[in-house]
Amino acid sequence: MSEPAVLRWPLPGRAVDQDGRPIACPQCGAADRLLLGMDLDDHTDAPSYMSCRSGHSWAEERMPRRLGVLLLADILDIEPGILAHLDDLQREHEAG
């Protein structure tokens with residue numbers, strides 16, 4: 001069995017679910033600059049894993065894994081070279 005192709009993507013600003021409701025860390029309430037774990041091979045309605053800057057992680061049922069895959073596809077359509085800058089994005093996420 002192969003390892004899943006998981007990408008931890010820093011969401012800009014506040015995260016919202018597919019209905020526009022804000023998503024926040026269930027432990028500390030952080031809502032800005034959350035990390036979304038995307039399994040690029042999983043197009044199901046299973047919850048995505050998210051984490052906040054304090055290191056709390058949780059399965060977010062309002063963010064199905066298929067939405068993360070669609071989000072990345074949209075980003076790649078807009079900026080095809082973005083994957084080459086993932087390290088820069090991670091550093092920006094950690095510094096902000």
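Guide: The structure holds 7 salt bridges, a salt bridge being a side-chain nitrogen of Lys or Arg within 4 Å of a carboxyl oxygen of Asp or Glu. Side chains of opposite charge can pair when their charged atoms come close. This is a predicted model, in which local features need pLDDT of at least 70 and side-chain atom pairs count only at pLDDT 80 or more, while totals for chains, interfaces and linings use all residues. Residues are numbered from 1 along each chain as its sequence is written, and side-chain values use heavy atoms, with hydrogens and water left out.

One of these pairs is Asp32 with Arg14, whose closest N and O atoms are 3.5 Å apart. Strands (E, at least two residues) and helices (H or I, at least four) are DSSP runs, numbered from the N terminus. Asp32 is partly exposed at 37% relative accessibility, whereas Arg14, at 57%, is exposed; here buried means under 20% relative accessible area, exposed over 50%, and partly exposed in between, with a 1.4 Å probe and protein chains only.

Another pair joins Arg66 and Asp45, whose side chains meet with 2.4 Å from N to O. This pair links distant parts of the chain, with Arg66 in helix H1 (residues 65–78) and Asp45 in the loop between S2 and strand S3 (47–51), 21 residues apart. Arg66 has a relative accessibility of 27% and counts as partly exposed, while Asp45, with a relative accessible area of 53%, is exposed.

Salt bridges that share partners also join Asp17, Asp19, Arg21, Glu60 and Arg62 into one network. Within this group, the side chains of Asp19 and Arg21 meet in a salt bridge at 3.6 Å, N to O. Asp19 is exposed, with a relative accessible area of 60%, and Arg21 is partly exposed, with 42%.

To place these pairs in the whole, the protein has 2 helices and 4 strands, which follow the pattern β-β-β-β-α-α when read along the sequence. Buried residues make up 32% of its 96 residues. Of the contacts with a separation of 6 or more, 53% come from residues 24 or more positions apart, where contact means heavy atoms within 4.5 Å.
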